[in-house]
Amino acid sequence: MESKALSNYFRILKGERNANYLESKKLEINFDLNAQEEKLWEIHDNPAGEKKENPFLSLFDLKIELSNRMLEKCRFCERRCRVNRAKAQKGYCGVLKSKIASEFIHMGEEPELVPSYTIFFSGCTFNCVFCQNWDISQYPEAGIYVEPRVLAKLIEQRINKIRNLNLVGGEPTPNLPYILDVLRHTSVNLPVIWNSNMYMSEEAMKLLNNIVDVYLTDFKYGNDDCAKKLSNIENYFNIVSRNHRIANNQCEMIIRHLVLPNHIECCTKPVLKWIAENLKNVKVNVMEQYKPQYKAKEYPEINRKITKEEFDEAVNFAEKLELDLVEQ
Ligand code: SF4
């Protein structure tokens, strides 16, 4: 079951290398906590040239500082609301304090990932009309706030029963400062999985570099019109494809594509073709479990399950492209 596309992930599991977030904590750099944000980004993007000084600060500390600055003018995703969430101003997603709707050891993810310690954050940057987790994603106040130190302890207590920390929702993106705070209190060698719609800003992608070990992405739409109609999102394809390219250069990836009824030509085929032409060494999961939920009944073309013919067409297309498919 060990895939070449996930070789670093398996090396972490065997103890042959450290998870990225642990390496970021070890990388000593010198920066002034009071410096302008622009200066901090400069250091963040070129950390190697900095000399260490006391007190000890790391690349990880710098990421925390930058994420706190970003929270004051929120631009973790490309909606770029620029609200001050630290002062309780809500942006589009409505997330203020990070709320956890549920956390458990998930046995239903891709075979390489289970058992996966999965944290479901409330709130999302998208409004998908067919969302299967709409009771979490569309209600950012659902769930409870857990002190980062407490969640870190829960992670450490489960270390012998889990293969990874799986950050999902809703959407993990608005919760990036909280997630870094949790990892600040964590020291176990555990791969970090970023399970996301991939609508992050470029700055958020930079903060995730050297933190995430595997991006578990959701690449749904092959064009902006379907994305606007079904998820109320602008400029989808440019942003999500850009972030897939960036992610592919940062670490390992599993890309999920949920096949939607009547969206084979406009979405499934263009997404799979783009992956084959632009990304290297990635796993792809073509998913058939779509069920009309939430507001899907208001959209006749997606108000049914996919047919066997539709799923077979999607898989045959992926196989012709020689994509490395997740075994079901
Ligand atoms: S994370 Fe939320 S508040 Fe921040 S830019 Fe995105 S939608 Fe707006």
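Tyr117 has Leu165 of strand S3 as its bridge partner. That bridge belongs to the pairing of strand S2 (residues 116–121) with S3, which is parallel and runs over five bridges. The model is a predicted one. Its strands form an open sheet of eight, with mixed pairing.

**The sheet as a whole**

- The strand order is S1-S2-S3-S4-S5-S6-S7-S8.
- Strand S1 (100–106) and strand S8 (324–325) stand at the edges. Each has a single partner strand, so one side of each lacks a neighbour in the sheet.
- Strands of a sheet pair through backbone hydrogen bonds, either parallel or antiparallel.

- Strand S3 covers residues 164–168, and five of its five residues are buried.
- Asn164, Asn166 and Val168 point one way from S3. Leu165 and Leu167 point the other way. Residues on both faces of S3 are buried.
- In a regular strand the side chains alternate between the two faces of the sheet.
- S3 pairs with S4 in the parallel sense, over three bridges. Leu167 has Trp194 in S4 as its bridge partner.
- To get from S3 to S4, the chain passes through helix H7 (residues 176–184). This β-α-β crossover is right-handed.

- Strand S5 spans residues 214–218 and is mostly covered, with five of its five residues buried.
- Val214, Leu216 and Asp218 point one way from S5, while Tyr215 and Thr217 point the other way. All of them are buried.
- Strand S4 (residues 192–196) pairs with S5 in the parallel sense over four bridges. Here Asn195 stands opposite Leu216.
- S4, helix H8 (residues 202–208) and S5 together make a right-handed β-α-β unit.
- Strand S6 (residues 252–258) runs parallel to S5, and five bridges join the two. Leu216 stands opposite Ile254 in S6.

- Strand S7 (residues 283–287) pairs with S8 in the parallel sense over two bridges.
- In this pair, Lys283 stands opposite Asp324 of S8.
- Helix H12 (residues 308–320) has 13 residues. From its first C-alpha to its last, H12 reaches 18 Å, close to the 18 Å expected at 1.5 Å a residue.
- Glu322 follows H12 and has a positive phi, near 60°.

**The whole chain**

- The secondary structure of the protein chain comes to twelve helices and eight strands.
- The C-alpha trace spans about 65 × 45 × 35 Å along its principal axes.
- A compact globule of 328 residues would have a radius of gyration near 20 Å. The protein chain has 19 Å, which agrees.
- Buried residues make up 44% of the 328 residues in the protein chain.

Methods. Residues numbered from 1 in each chain as written. Predicted model: local features only at pLDDT ≥ 70, side-chain atom pairs only at ≥ 80, totals over all residues. Buried ≥ 20, exposed ≤ 12 C-beta atoms within 10 Å, placed from the backbone. Pairing = 2+ DSSP bridges. Right-handed = clockwise from strand over helix to strand, strands pointing away. Expected span 1.5 Å × (residues − 1). Rg over C-alpha atoms; globule rule 2.2 N^0.38 Å.
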